[in-house]
Amino acid sequence: MKTECIADYVKLKGKIYPCTVSLAMDLIGGKWKAVILYHLKDTEKRYNELRKEMPHITEMTLSLQLKQLEKDGLVSRKVYGEKPPIKVVYGLTDFGKTFIPILETITVWGNQIVSEKGEFVTNEQ
């Protein structure tokens, strides 16, 4: 029997899921979570660095997604300094780093889809 099928449901931090795939997608699903994790996979970054790398995400969405990723234990938020201007840096936790191989596989798959069925487009200014 497959591991994900040994129970009627799974539970994490008091929340019940029908299966392990549902649990995983709750942690990393949606339009922006995996993209944020991708941009943090190699190094810690400040909020504004993330905004520059993801110009299509709104400030509110980035802020909310970072808070959710932090709450779920995938991203850490480190605050340096006590009075303004303080420095806040986001990075992957050890748990978040376990997602890197999946991110790399998703990236390869996405590149393959674009190469076969789409095109890479640059905005020339």
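Predicted model: local features only at pLDDT ≥ 70, side-chain atom pairs only at ≥ 80, totals over all residues.
1. Ground rules: local features need pLDDT of at least 70, side-chain atom pairs count only at pLDDT 80 or more, and totals for chains, interfaces and linings use all residues. Numbering runs from 1 along each chain as its sequence is written, and side-chain values use heavy atoms, with hydrogens and water left out.

2. The largest nonpolar core holds 22 residues, and Ile-36, Leu-37 and Val-75 have the most contacts inside it. (Such a core joins buried Ala, Val, Leu, Ile, Met, Phe, Trp, Tyr and Cys through side-chain atoms within 4.5 Å; buried is under 20% relative accessible area, exposed over 50%, partly exposed in between, with a 1.4 Å probe on protein chains only.) At least two core residues each come from H1 (20-28), H2 (33-40), H4 (59-71), E5 (87-92) and H6 (100-117). (Helices, H or I, of at least four residues and strands, E, of at least two are DSSP runs, numbered from the N terminus.)

3. Leaving aside residues up to four places away in sequence, Ile-36 touches Met-54, Ile-57, Leu-62, Gln-65, Leu-66 and Leu-69. (Contact is heavy atoms within 4.5 Å.)

4. The H1 and H2 axes come within 8 Å and cross at roughly 65°. (Axes are lines fitted to C-alpha atoms, for helices over the stretch in contact; angles run from 0 to 180 degrees between N-to-C directions.) Asp-26, Leu-27 and Ile-28 of H1 meet Lys-33, Ala-34 and Leu-37 of H2.

5. Lys-13 sits in the loop between E1 (10-12) and E2 (15-17). Its phi is near 50°, a positive value in a non-glycine residue. Most residues other than glycine have a negative phi. At 64% relative accessibility, Lys-13 counts as exposed.
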